[in-house]
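The structure comes first, followed by notes grouped by topic.

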Amino acid sequence: MQAWTRWAALAAGLAITTASLTAHADVTVGYQTGADPSKVAIADGRYQQALGEKIHWKRFATGPAIIAALASGSIDIAYVGSTPTASAISQGLPIKVFLVNTLNNSNEELVARDGSGVDAPASLKGKTIATPFVSTSHYSLLNALAHWQVSRRDVKLVNLDPAGIAAAWKRGDIDAAFTWDPALSAIKQSGKVLTSAGEVGKWGAPTFDVWVTLDRYAQAHPDALKKFSATTLQAFDDYAQHQREWTADSAPVKAIAKLTGANPADIPAQLQGGVYPDAKAQRSDKLLGGGLAEALKSTAQFLYQQHSIPAVKEDYRPYVTADYVPNTAP
């Protein structure tokens, strides 16, 4: 079953599943493995302390999996990429994007394996490229190929999650991959970087990692989302103030490594690969004030052209809000 068909089916049952979201005090939050400052706040219990409620954390390998969990009601809040978010909104899920976690830059990259014969974009023709489908990396990959005028028909795209990419890379089953950490750091040890999410963004296709919930949860628990946002922004500020101290042997980096499975030695560079917007930037016209909604629509239009979703909504602004961002920076 295609991802958009599965999510549409889940959306049809939201009248029942979302009703359960207000029936319990505990909060279930889904996250993914990329390294960012919010992971430290997860590890040291700051979110739970701020919300004053028990938080159950669930780790997911890909965006489509986390969106499916959100749609089914098994999680309340989710950390997910802009591409699966745009896809889900386009198919009727009543999502609210309430905070931008990361503006993707060198934290997601396309890497060609040493010995694959790929030393430039043109030499990707006839090669096998892996990426998690309906992810920000997938979106960046497709836009990179279009920018280089390499037809999708000239390459073999395979759908692998980051762990699957790392394993296939070791076996020599794939020639290149567009992915994130911890798989990214592993494959870069024996590969060449061809481009990054940040560079593809400069070509007109930026990607983001965002915190989202369902509209009904947002309406029922506004204070929880405000506290969640404030805690995230405090983690960003802590990193901004003490970035040089976040070395491989530091407590914050060790906490991220334990949570994500990454090598502590790789994490400082991983953190530098993303941009973590403060409260002012969150509310700006470039992000929650309008730019993110425009980016989601552009993403949806591209996915529609790729036959990944059945339709594009006229307006994505109702699905993005700055209402839960603190009025003052942490």
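**Helix H5**

Gly 63, Pro 64, Ile 66, Ile 67, Ala 68, Ala 69, Leu 70 and Ala 71 are the buried residues of helix H5. The model is a predicted one.

- H5 spans residues 63-72, and eight of its ten residues are buried, so the helix is largely enclosed by the rest of the structure.

**The six-stranded sheet**

- Six strands make up an open sheet with mixed pairing, in the order S2-S1-S3-S10-S4-S11.
- The edges are strand S2 (55-59) and strand S11 (274-275); each has a single partner strand, so one side of each is left without a neighbour in the sheet.
- S11 pairs with S4 in the antiparallel sense, over two bridges.
- Within that pairing, Asn 104 has Gly 274 of S11 as its bridge partner.
- Helix H6 packs on this sheet and touches S3, S4 and S10, its direction making about 110° with that of S3.

**Strand S10 within that sheet**

- Strand S10 covers residues 208-214, and seven of the seven are buried, so the strand is largely enclosed by the rest of the structure.
- In a regular strand, side chains alternate between the two faces of the sheet.
- In S10, Phe 208, Val 210, Val 212 and Leu 214 point one way, while Asp 209, Trp 211 and Thr 213 point the other way, and all are buried.
- Strand S3 (residues 77-81) runs antiparallel to S10 and is joined to it by five bridges.
- Gly 81 stands opposite Asp 209 of S10.
- Strand S4 (residues 95-104) also runs antiparallel to S10, with seven bridges joining the two.
- Leu 103 has Phe 208 in S10 as its bridge partner.

**Helices H6 and H16**

- The axes of helix H6 (residues 82-90) and helix H16 (residues 291-305) come within 9 Å and cross at roughly 75°.
- That angle makes H6 roughly perpendicular to H16.
- On the H6 side the contact involves Ser 82, Thr 83, Thr 85, Ala 86, Ser 87, Ile 89 and Ser 90; on the H16 side it involves Leu 296, Thr 299, Ala 300 and Leu 303.
- The residues of this contact between H6 and H16 comprise five nonpolar, six polar and no charged.

**The five-stranded sheet**

- Five strands form an open sheet in the order S7-S6-S8-S5-S9, and the pairing is mixed.
- Strand S7 (156-159) and S9 stand at its edges, each with a single partner strand, so one side of each is left without a neighbour in the sheet.
- On average, neighbouring strands of this sheet are turned by 25° against each other, direction ignored.

- Strand S5 (residues 108-113) is mostly covered, with six of its six residues buried.
- Glu 108, Leu 110 and Ala 112 lie on one side of S5 and Glu 109, Val 111 and Arg 113 on the other, and all are buried, so that both faces are covered.
- S5 runs antiparallel to strand S8 (residues 176-180), joined to it by five bridges.
- In S8, Ala 177 is the bridge partner of Val 111.
- S5 also runs antiparallel to strand S9 (residues 191-196), again with five bridges.
- Toward S9, Glu 109 has Ser 196 as its bridge partner, and Val 111 stands opposite Val 193.

**Helices across the five-stranded sheet**

- Helix H7 (residues 136-147) lies across S5, strand S6 (128-131), S7, S8 and S9, and runs at about 140° to S8.
- Helix H8 (residues 162-171) lies across S5, S6, S8 and S9, and runs at about 145° to S8.
- Ala 167 belongs to helix H8.
- Is Ala 167 buried or partly exposed? Ala 167 has a relative accessible area of 32%, so this residue counts as partly exposed.
- Ala 167 and Ser 298 are separated by 131 residues in sequence and by 33 Å in space, C-alpha to C-alpha.

Key: Residues are numbered from 1 along each chain as its sequence is written. This is a predicted model: local features need pLDDT of at least 70, side-chain atom pairs count only at pLDDT 80 or more; totals for chains, interfaces and linings use all residues. Side-chain values use heavy atoms; hydrogens and water are left out. Buried means under 20% relative accessible area, exposed over 50%, partly exposed in between (1.4 Å probe, protein chains only). Helices (H or I, at least four residues) and strands (E, at least two) are DSSP runs, numbered from the N terminus. Two strands pair if DSSP finds at least two bridges between them. Axes are lines fitted to C-alpha atoms, for helices over the stretch in contact, and angles run from 0 to 180 degrees between N-to-C directions. Angles under 35 degrees count as roughly parallel, over 145 as roughly antiparallel, 65 to 115 as roughly perpendicular and the rest as oblique. Contact means heavy atoms within 4.5 Å. Ala, Val, Leu, Ile, Met, Phe, Trp, Tyr, Cys and Pro count as nonpolar, Asp, Glu, Lys and Arg as charged, and the others, Gly among them, as polar.
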